[in-house]
Amino acid sequence: MRTPSRRPDAHSSAAASLRPIKVPAKAHSRQAQQTNPESMAAHPEDSDVAALCAEVARLRDELAQQAAAHDALLSLAAHELRGPLTVIKGYAQLLARQGRTTPLPGTLTHSVEVIEQQSTRLSDMVGELHDAARIRRGDFELIRTQVDLAPLVEAELERRRPLAPDHTLLLLTETTSLVGHWDAMRVGQVIRDLLDNATRYSPEGGVVVVRLGQADGMASVSVRDQGIGVEREQWERIFDYLYRAPNAERRNLSGVGLGLFVSRAIASKLGGRLWVAASDPHAGGGTDFHFTLPLQ
């Protein structure tokens, strides 16, 4: 999630495979709208402008087709991976439950825990692939119900703690209840992604502080870590599709550049916002993400 080293996305990779535009030498000499038959006969250079316009239209259509094919491939891959991952995760959970009643050898217990944790992580990544493709196609839908944000945040913190043993996860809250008409699963997904980023991009451990509050009719969640941080010029780019920051690349930190893209789309569709700011250097530096949602 952090500073610039742009991975090629669907548009850049598609553009690389397209034929270059052949710009006529005199294409700049006339306005494109002067392309009726009489003026074209009087001014042959006008036909050059029309040819240029046709070439631009062709390239636009080819880019759209390749982007659609790219998104279709992502959806298909996500669909096909879900089945095997569900089986792997299911058996790992079964072994973990059996281990609580019938003690397993120490190495086997640890192996089962690792399989369960990593299959959960892969399952989340596959879900992001599918969501990103739907967002780009414009058919990403929400299921709104009455949701209390406070217990939702607490549940995600409890889920994250076993996966981040080197981090201390703290919840500071100004209220015990924040109710709105949201999609509980998608709100949980955003919080989960922010917690995942906070722990992943602070590889040496540290404290992750989650603040829950409200102001001006909006519920707010902030997640602050003590990790590698995000340079100011990257504060918007890290939300781009498939964008990865160079400081994360240099440290070989995992990630594909989808989580924040999907999370911001969810926040926006729910009528809220998601943005990033620098943490207070006196509090250990790092990154401070802010997520808001409209209250009822």
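A: Let us start with cover: a residue is buried under 20% relative accessible area, exposed over 50%, and partly exposed in between (1.4 Å probe, protein chains only). Val 87 makes a handy example, because its relative accessibility of 45% counts as partly exposed. Val 87 belongs to helix H3, residues 45-101. Helices (H or I, at least four residues) and strands (E, at least two) are DSSP runs, numbered from the N terminus.

Two notes before we go on. This is a predicted model, in which local features need pLDDT of at least 70 and side-chain atom pairs pLDDT 80 or more, while totals for chains, interfaces and linings use all residues. Residues are numbered from 1 along each chain as its sequence is written, and side-chain values use heavy atoms, leaving out hydrogens and water.

Now to the pairs themselves. Side chains of opposite charge can pair when their charged atoms come close. With a side-chain nitrogen of Lys or Arg within 4 Å of a carboxyl oxygen of Asp or Glu as the rule, the count comes to nine salt bridges.

One of them joins Arg 192 to Glu 156, with N and O 3.0 Å apart. Arg 192 sits in helix H6 (residues 184-200) and Glu 156 in helix H5 (residues 149-160), so this bridge ties together parts that are 36 residues apart in sequence. Look at how covered the two partners are: Arg 192 is buried because its relative accessible area is 18%, and Glu 156 is buried too, at 9%.

Asp 196 counts as buried because its relative accessibility is 14%.

Some bridges share partners: Asp 124, Glu 156, Arg 159 and Arg 192 are joined in this way into one network.

Finally, find Glu 158 and Arg 161, where the closest N and O atoms of the salt bridge are 2.4 Å apart. Here Glu 158 is exposed because its relative accessible area is 51%, while Arg 161 is partly exposed, at 32%.
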